[in-house]
Structure formats: structure tokens, C-alpha cells
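Here is a structure to look at together. The dialogue below takes it one feature at a time.

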Amino acid sequence: MKIRSKTDLDELQQEGWQQLRGTVPTFLVGMASCGMAAGAERVFQKAKEQIAKQGNNCRVFQTGCLGFCQVEPMVEVRLPGGDRCVYGPVFPEWMENLIESCSKGVLPDDRQIGRIQTLPAVPPLVADIACQLPDHLFYKRQIRIASRNCGQIDPESILHAFGLGAYQALAKCLAEMTPAGVIQEIVDSGLRGRGGAGYPTGKKWLFTKEASEKRKYLICNADEGDPGAYMDRSLLEGDPHAVLEGMLIGAFATSAQRGVIYVRREYPLASRRLQIAIEDARAQGLLGEKILGANFSFDLDLVEGAGAFVSGEETALIASIEGRIAEPRPRPPYPAVQGLYDCPTVINKVETWANVPAIIQQSAHWYGQYGTEQSKGTKVFSLVGAVRNTGLVETPLGTSLATIVEQIGGGPHPGRSLKAVQTGGPSGGCIPADRFDLSVDYETLEAHGSIMGSGGMVVLDDRACMVDIAKYFLRFTSSESCGKCTPCREGLDHMLQILERIATGEGENRDLDKLETMALGIKDGSLCGLGKSAPNPVLTTLRDFRQEYLAHIEEKRCPAGVCRELITYTIDEEACTGCGACLKVCPTDAISGEKELPHLINAELCIKCASCREVCTYDAIRIV
């Protein structure tokens with residue numbers, strides 16, 4: 001039966017909340033892409049088999065990512081008395097003991113990540129849910145707003161979403177607010193687009209609302225192509241209804257009649273859960289005609305992109321949806337005035353839409369208490385690389401890099417030291433460790449040659465070669481350039497050739513001036529954001545790690561021991577025990593030696609693949 005009123009919605013929220021609380025021990029298995037890659041499906045299946053075998057009065061359901069991807073598979077246990085605890089990594093063979101113990105009301109100490117506060121008897125507000133995280137260093141400084149329900153609900157259950165307040169903000173808009181009032185609330189909240197540029201969301205909505213054309217569209221940009229970034233994917237896999245509700249509120253505010261969620265084909269799980277959410281919302285009357293009994297109609301489609309990085313640029317994305325080549329076009333006119341099918345169009349990222357219901361439900365003032373004066377609210381980051389704790393992190397804007405990397409991330413691995421962090425994806429800049437006191441907000445990052453981007457953070461330690469890092473990201477942006485404008489198409493490729501010469505010891509001092517001159521010219525002359533920001537990794541590494549470039553050029557040496565043409569692998573005879581591990585994995589038979597005697601590497605046969613170094617447990621492989 002379709003929902004016709006807020007009363008119907010309230011009843012479903014109570015039903016959903018009681019199902020989430022439960023009256024028997026409940027096991028929530030993290031079944032986002034990260035968890036499934038670590039074996040969560042086998043854990044989930046084992047839990048179902050064990051519950052059936054033991055005849056325990058327990059239940060298990062899947063959930064999204066709780067963020068701490070490094071310790072997947074993760075399992076949360078909820079006991080009827082209210083006790084909650086998260087465990088990880090959990091393997092199938094351990095589930096038998098966990099289920100048996102929890103069925104008796106005992107939470108084992110082994111593999112505990114942290115306890116969580118007791119679930120209240122009545123459905124909580126967004127402000128309460130934002131704080132329900134395990135008692136662990138990884139979560140201490142986090143505030144979850146956009147990702148508030150990830151790891152809390154079964155993302156394929158609309159009833160679970162109702163239990164945590166889904167579509168209550170929409171009901172509030174339809175019953176108590178005007179479209180102008182909704183836009184003003186978003187303006188007052190200070191919410192900025194979470195796609196990189198940080199344009200004020202409310203202002204963009206206002207432009208579309210005031211456009212004279214009657215036909216208007218909304219687009220959710222879920223084309224997340226940054227290496228090492230997975231914020232949008234995790235949000236869609238963990239709480240798709242937050243995005244749908246945000247778009248419904250945006251449609252009411254801007255008078256849009258139709259929407260599109262553009263997700264890349266490489267995200268099959270996100271696409272499947274989105275499709276389920278769309279079908280469930282439509283079946284409940286939350287998409288279509290006369291939503292919640294009001295004079296408001298809106299529906300949307302799911303479109304899968306081919307995975308071109310440039311499709312993240314809004315005009316290229318529109319071209320892709322329309323069936324054309326994903327190429328950006330000059331602006332103005334901006335999409336808010338002339339977008340999809342030449343109609344006024346609001347384009348926002350997944351995270352932006354997910355924030356909207358929380359703001360409407362709790363108020364602009366509540367949201368504005370987080371962040372800085374110019375960058376309000378929280379931001380979701382994917383923290384990856386050379387750091388102890390990797391995963392999805394949501395912190396208030398203005399949090400320092402040191403807090404994110406050294407406290408939430410746990411700092412470098414033992415025996416290593418931090419060198420830099422690259423923010424904002426492949427078009428972001430590299431910030432050295434001595435500047436980790438910087439505030440993570442739009443203005444501060446831009447002032448230091450980097451960008452917020454969609455939220456990727458790649459941590460680098462002393463093993464990273466900054467020439468190689470700049471080359472890696474430039475190779476990515478060069479290959480992903482659509483080729484439409486000459487500065488980006490030709491300039492990035494020429495910069496890449498210079499970097500490749502430097503990495504092989506064939507560079508010249510004048511190449512550094514060439515790189516800087518070309519980088520600035522490409523930033524000024526490129527058509528879209530890809531070209532304008534692609535030189536950032538080169539410019540920032542030249543500024544802060546120039547000595548590494550000079551070592552490659554003048555000394556023909558890679559200080560980090562990364563660039564293959566400038567290093568040689570040898571074996572320390574005193575450290576080598578002759579265990580033979582390196583000999584077995586060498587793909588070119590470059591290693592020789594008798595058992596229990598020091599081995600040798602034939603430099604002429606060695607391809608410097610590092611396989612030997614990876615398997616040596618005695619630290620006997622040296623790079624010269």
C-alpha cells in the first residue's frame with residue numbers, strides 16, 4: 001500500500017525502528033564492496049548456517065560500510081538489552097563462537113573494535129545517529145552526517161531506512177515549508193557542493209528555480225573516478241535512500257519534474273542497490289505522482305556511465321546522458337540555466353544530496369555548527385596509502401590534516417615516517433608533512449596548491465618518490481583527457497614526457513623551468529576543471545620536493561629507491577640466511593645461491609620488480 005500521509009510514514013518509522021532494535025541477538029555483517037572483497041559474503045552465509053544449525057533465536061542481516069575498511073569483514077552485534085559491539089576482522093570459522101556466546105548475552109573480548117552506545121527505545125534524531133560510532137581511535141574525531149546510516153541499516157530494506165527517519169524531511173517540506181523556504185534553509189546552512197569546486201548548493205538551486213523554462217531536471221553525479229576514492233560508492237551502497245530523499249527535496253525546491261542518477265558501470269553493487277531503492281520508493285508512492293498526498297510529482301532514472309574520468313565534469317556528464325561523447329563545453333551558459341536537453345538543471349554529487357535531508361530535519365543552524373565560517377558542515381574522505389588505519393572518514397571541515405592522518409589514521413607504519421599527503425584525487429596537490437597543521441577546507445587547500453576534490457586522501461611515507469608520484473597522477477589525467485582542447489591534450493602529454501626523462505636520469509635542470517611554465521599555461525588555457533587542475537601534483541612537488549627532482553637530474557639518483565633505471569638491487573650477505581624465499585619468487589631467475597648460504601642477484605637479469613624484497617623477512621634485500 002502506498003504512503004499517503006505523514007501518519008503513514010510515522011507508522012512505518014516505528015515498525016522499522018523496532019525491527020532495527022530487535023528482541024533477539026542480531027548480527028550486522030558489513031556487505032559493501034570492501035567487506036565483500038575481504039570475504040564478508042562467506043561470513044554472512046556462515047552466520048545464517050550457524051543460526052539455523054544451533055537453533056538459536058538470533059538473526060543476521062547485511063549492512064553497508066562502517067568506514068574502517070582495513071579491518072573488514074566487520075560484524076556488529078546488537079543484544080536485546082541494548083549492548084552493542086563491533087568486531088573485525090571476522091572470519092567464517094570464528095562466527096560459531098561469536099553466535100554461541102552472544103546468544104547467551106555475552107559479548108566476547110576477542111577482535112573487539114569498540115562498543116557503541118545503546119539504541120534508544122524511540123527512533124533517534126539525525127543528531128543522535130551522527131554520534132553512534134564504535135569507541136575506537138579511528139572514530140574518535142568523526143562526526144557522521146552524510147554517512148550517518150551507513151553500517152546501521154540493511155541498504156536493501158526501505159523499512160530499515162524508514163526506521164532511521166528516511167523521508168521524514170521530505171514530509172516536513174511538503175507539510176510545513178515552501179520551495180523558497182527550503183532553498184533559503186540550504187543557503188543558510190552553508191552547504192557547498194562536495195564535488196570539488198565547492199560552489200554554494202543553495203545558490204545553484206536558486207538559479208534553476210528562477211529560470212523561466214518550465215521543464216527542469218536534477219542530476220546526481222555519482223561518476224567517481226579518482227584513484228583511491230570511494231566515498232560516493234560507499235554512500236550509495238550503504239544508504240541509497242538518503243540520496244533519493246535529498247533529490248526529492250531538491251525537486252520540490254526547484255520545481256524539477258525529472259531526475260537522473262549517473263553512476264559509473266564499475267560500481268555494480270551501488271547500481272543494484274540504487275535500483276532496488278528506486279523501485280521500493282516508487283512502490284511506496286515516494287516517486288511518481290502526488291507524493292505523500294501532496295501536489296508534488298517527481299521521478300528519476302538510473303543511468304550507467306562508461307567510466308570516463310572526464311564525465312565527472314558536469315557538462316561532459318550531461319553530454320554522456322544525452323548519448324553524445326563525454327566532452328565538456330564552454331560555460332556560460334551554466335547547467336543551472338541551460339543543462340540537460342537545454343533545460344535548467346541542478347547537478348550535485350552524491351554526498352551533497354545525502355546531506356540535504358539532515359539539514360532540513362535538523363535546521364541550517366545545527367548543520368552550521370560544524371566546519372568553518374566559509375566551509376560549513378562535514379566532509380567524507382577516503383583515507384588510503386601509507387597509514388595504519390585506512391577507510392572512510394567523515395570529519396567537520398576545518399579539521400587539520402594532522403588530526404585525520406596521525407590520529408584517525410593512526411600515523412605511519414612502524415619504522416616509517418610520513419612524507420606527504422595528496423588531497424583531491426589525481427588533480428590535487430601534494431602537501432608535505434611539515435604542513436600537516438593545515439586546516440582541511442576549500443580555501444586553505446586551494447591556497448597551498450591543492451584542492452578538496454571529491455575527498456580522496458593518499459598518504460605517502462618516506463618510501464615514496466615524489467617524481468614518480470607526479471608522473472603517476474599526470475599519466476592518469478593525460479590518459480583521461482577528452483582531447484578537445486589543445487593545452488590539456490598536448491600540454492599534459494609533453495609534461496609527462498619530461499617527467500619520464502627525469503625519472504630515468506636523462507633530465508636537465510632546464511626541464512624544471514619548462515614544467516612550471518607549461519603547467520601554468522595549461523591551467524590558464526584549458527577548457528574544463530580536468531585540465532585546469534591536472535598540473536597541481538607537478539607544481540606542488542616541484543615547490544616542496546625540488547631536491548628530489550635535482551637528485552634525479554644532477555646525481556642520477558632516486559633518493560626513495562623507486563625509479564627503476566636509477567637503482568640496483570643487491571643482497572646484504574650478513575643479513576641473508578639463505579632461506580631461498582627470494583630465489584623462488586624471482587621471475588627471471590636472477591637470484592642464485594645455496595641453501596643457508598648468502599644469495600646473489602645478477603644485475604643483468606634483474607628487472608627490479610621488487611618481488612624478492614616483498615618476501616624477504618630478514619630485510620636482506622638492499623636498494624643501491
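This is a predicted model: local features need pLDDT of at least 70, side-chain atom pairs count only at pLDDT 80 or more; totals for chains, interfaces and linings use all residues.

Q: Which residues lie nearest the centre of the second largest pocket?

A: On a 1 Å grid over the protein atoms alone, a pocket is an open set of points where a 1.4 Å probe fits, with protein on both sides within 12 Å along at least five of seven lines; lining residues have an atom within 4 Å of a point. Here 19 residues line the pocket, and A560, G561, Y569, R613 and I623 lie nearest its centre.

Q: How do I read the packing of helix α8 and helix α15?

A: Axes are lines fitted to C-alpha atoms over the stretch in contact, and angles run from 0 to 180 degrees between N-to-C directions. Helix α8 (residues 168-176) packs against helix α15 (residues 350-362) at an angle of about 55 degrees, with axes 8 Å apart. The two are therefore oblique to each other (under 35 degrees is roughly parallel, over 145 roughly antiparallel, 65 to 115 roughly perpendicular, the rest oblique).

Q: Which residues of α8 and α15 make the contact?

A: Contact means heavy atoms within 4.5 Å. Q168, A169, K172 and C173 of α8 meet P357, I360 and Q361 of α15.

Conventions:
Residues are numbered from 1 along each chain as its sequence is written. Side-chain values use heavy atoms; hydrogens and water are left out. Helices (H or I, at least four residues) and strands (E, at least two) are DSSP runs, numbered from the N terminus.
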